[in-house]
Amino acid sequence: MLFYAVFLPLFSVAVEGKYYTVVVKTSDSRWAGTDAHVSIRVRGTTGNINNRELDSNTNDFERGSKDTFVIQDHDIGYVKGMDVSRNDAGLLPNWKLDYVIRLL
């Protein structure tokens, strides 16, 4: 029992992370929305955030919508780029992405 009392505080220390806010804009053209799962990979000057599925509900990635997501991960330095992908899930998986930006 002494083992847990001595080492438990070491495991309960929170790892400092950073929050990244990403805005995903779906095109306003016909059939632009998607029911697929959308993932993002963020590339930075000191590391990357590997593919992270953007939590979506039934109203995300609809035609003309702007969806905002907050990603918490380790500090990757300055953001150099983002790779966005989708799978073929859902009834209408095609998607017309307008833009993706990172808010400061």
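Biologist: What share of the 104 residues in the protein chain is buried?
Modeller: Buried residues account for 28% of them. Keep in mind that this is a predicted model.

Biologist: Which elements does the chain have, and how do they run from the N terminus?
Modeller: There is 1 helix and there are 6 strands. The order is α-β-β-β-β-β-β.

Biologist: Switching to charges. How many salt bridges does a search of the whole structure find?
Modeller: The search finds 7. One of them pairs the side chains of Asp 98 and Lys 25, at 3.8 Å from N to O. Asp 98 belongs to strand S6 and Lys 25 to strand S1, so this pair ties together parts 73 residues apart in sequence.

Biologist: Is Lys 25 buried or exposed?
Modeller: Lys 25 counts as buried because its relative accessibility is 13%, and the cut-off for buried is under 20%. Asp 98, at 44%, counts as partly exposed.

Biologist: What does Arg 41 meet in a salt bridge?
Modeller: The side chain of Asp 83, at 3.3 Å from N to O. Arg 41 sits in strand S2 and Asp 83 in strand S5, 42 residues apart. Both count as partly exposed, Arg 41 at 25% relative accessibility and Asp 83 at 31%.

Biologist: What about Arg 86 and Asp 88?
Modeller: Their side chains form a salt bridge at 2.8 Å, N to O. Arg 86 is partly exposed at 32%, whereas Asp 88 is exposed at 61%.

Notes. Residues numbered from 1 in each chain as written. Predicted model: local features only at pLDDT ≥ 70, side-chain atom pairs only at ≥ 80, totals over all residues. Heavy atoms only, no water. Helix = DSSP H or I, 4+ residues; strand = E, 2+ residues; numbered from the N terminus. Buried < 20%, exposed > 50% of the residue type's maximum accessible area, 1.4 Å probe, protein only. Salt bridge = Lys/Arg side-chain N within 4 Å of Asp/Glu carboxyl O.
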